[in-house]
Amino acid sequence: MTARVLAVLVGYLLGSVSFAMLAARRSGTDLRTLGSGNPGASNAGRVLGLRVGVAVAVLDVLKGLLPAVGFGLVEHEAGLLAGVAGVLGHVTTPWLRGHGGKGVATAAGAILGSHPLWAPVALLVWLVVLFATRWIAMASVLAAVTAPVTAVVVGAPGVDVAWGAVIAAVIVVRHRSNFARWWRTRQAAGASGR
């Protein structure tokens, strides 16, 4: 078995572990029926408390970080594949019938593990947008988009640009319901103001 195939398998399986749902199960709750209904760190923090949310976020970051670093030591491309597979495992976990979290923390770990110098850029964008808008979804999407943009700006190889684009695309797609809700709310507010 090649390093790349193993990287995908290990990354996906590790990414598929839903620490948010495990934490919720310990407290006798189901995150899919509470808060935003999302089995991720943000909703875990909302429903189970800040301490649990932070713990879940850290574990989700590690799901992307550790495979990316470990397989990256063997081969750069294997590390990239492990990180992406971790994100995909998180958002399509078979243990929840394909309904995983948004993938933001795991993507952050993958970026940190494969391109540690890109991570501060993404974090800065996330903080600035969150401070300006108070909207985690917008901050997360724009932070993810920094991956391919940073890759292009620094003249990274095509495989790294494509990798960043895949990471960003997954995060954007996973947040489409957030933006759809925002648009419906805006439309309703506009209609009521007429």
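1. A search of the whole structure turns up 1 aromatic pair, where rings of Phe, Tyr and Trp (its six-membered ring) pair if their centres lie within 6.5 Å. W118 and W163 form this pair, with 6.3 Å centre to centre and 50° between the planes, so the geometry is tilted (under 30 degrees would be stacked, over 60 edge-to-face, the rest tilted).

2. Please keep the origin in mind: this is a predicted model, in which local features need pLDDT of at least 70 and side-chain atom pairs count only at pLDDT 80 or more, while totals for chains, interfaces and linings use all residues. Residues are numbered from 1 along each chain as its sequence is written, and side-chain values use heavy atoms, with hydrogens and water left out.

3. Where do W118 and W163 sit? W118 is in the loop between α6 (104-114) and α7 (119-133), and W163 is in helix α9 (residues 158-174), so the pair links distant parts of the chain, 45 residues apart. Helices here are DSSP runs (H or I, at least four residues), numbered from the N terminus.

4. Elsewhere, helix α1 (residues 3-15) packs with helix α5 (residues 76-91) at an angle of about 30°, their axes 7 Å apart. That makes α1 roughly parallel to α5 (angles under 35 degrees).

How values were computed
Axes fitted to C-alpha atoms, helices over the stretch in contact; angles between N-to-C directions. Helix = DSSP H or I, 4+ residues; strand = E, 2+ residues; numbered from the N terminus. Parallel < 35°, antiparallel > 145°, perpendicular 65-115°, else oblique.
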